[in-house]
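Open your viewer and keep the selection panel handy.

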Amino acid sequence: MSKVYIIKIGGNVIDNPVATQKFLSDFASIKESKILVHGGGKIATQVAEKLGVTTQMIDGRRITDEPMLDVVTMVYGGLVNKKVVAQLQALKCNAIGLMGADAGVILAKKRPVGVIDYGFAGDIEQVNATQLLAFINQELTPIIAPLTVDVQGQILNTNADTMASAIATALAKAGTEVNLVYCFEKKGVLLNPEDDDSVITDINKEKYAQLKADGVVSKGMIPKLDNAFAALDQGVKEVHIIHADNVHAQTGTKLTL
């Protein structure tokens, strides 16, 4: 295979059925080999409320206690993942829905308790690139939910941006040319968060450090960019952060070392 695209789609797009359908139609039409990593969106919070499970968030990150772990496993690994797979099958994209436990594709460990106890949150230890490439060689498109597993078989809630970066890195180390694409509801990294057209088209490490120091890049964008640069450091060829509507053109923000 000449190239593999690792594409991550954000939860805010998953929350919007029209935006999801448009994105999946574009994704299905990509001719090159591809893997999709999806976020969870607000559906888990809505289901948790119906089940009487309290949602706890700290700095935009979900605290995954035992009842919430059951909810995110059902929602991310079941409802969201299988809906995406079903829609892709209708678009003639032969998709296979996975989480970290399936075929042992992603092994993680429970995050140690620090200042904040995130509960059953997973930090990735290993990605089985050989197995993912085997799926691709069978002309299957892996659709990966943001759930991993540890060596004891414990399911763990795992950040989808980090998963996409780790998968891209593992495939690059296995000798595959990899492009990592983060798709979300904005046109790219914005100079002014209030102006959707203020896209910063190119960011290297030096410029990223300056943008952070100036407070231009903050909050949820920092872990996304940290993951992106980590992938570039490990041999991923290109990283783009773009609007979900631009998955073909890949116009948005391009990251370089």
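Eleven salt bridges are present in the structure; here a salt bridge is a side-chain nitrogen of Lys or Arg within 4 Å of a carboxyl oxygen of Asp or Glu. This is a predicted model: local features need pLDDT of at least 70, side-chain atom pairs count only at pLDDT 80 or more, and totals for chains, interfaces and linings use all residues. Residues are numbered from 1 along each chain as its sequence is written, and side-chain values use heavy atoms, leaving out hydrogens and water.

Select Asp161 and Lys224 to begin: their closest N and O atoms are 3.2 Å apart. (Helices are DSSP runs of H or I with at least four residues, strands are E runs of at least two, and both are numbered from the N terminus.) Asp161 is buried at 8% relative accessible area; buried means under 20%, exposed over 50%, and partly exposed in between, with a 1.4 Å probe and protein chains only.

Next, pick Lys205 and Asp233, whose side chains form a salt bridge at 2.9 Å, N to O. Lys205 belongs to helix H7 and Asp233 to helix H8. Lys205 is partly exposed at 38%, and Asp233 is partly exposed at 43%.

Now turn to the largest nonpolar core, which has 44 residues. Such a core is a set of buried Ala, Val, Leu, Ile, Met, Phe, Trp, Tyr and Cys residues joined through side-chain atoms within 4.5 Å. Colour H6, which gives the most to this core, with nine residues.
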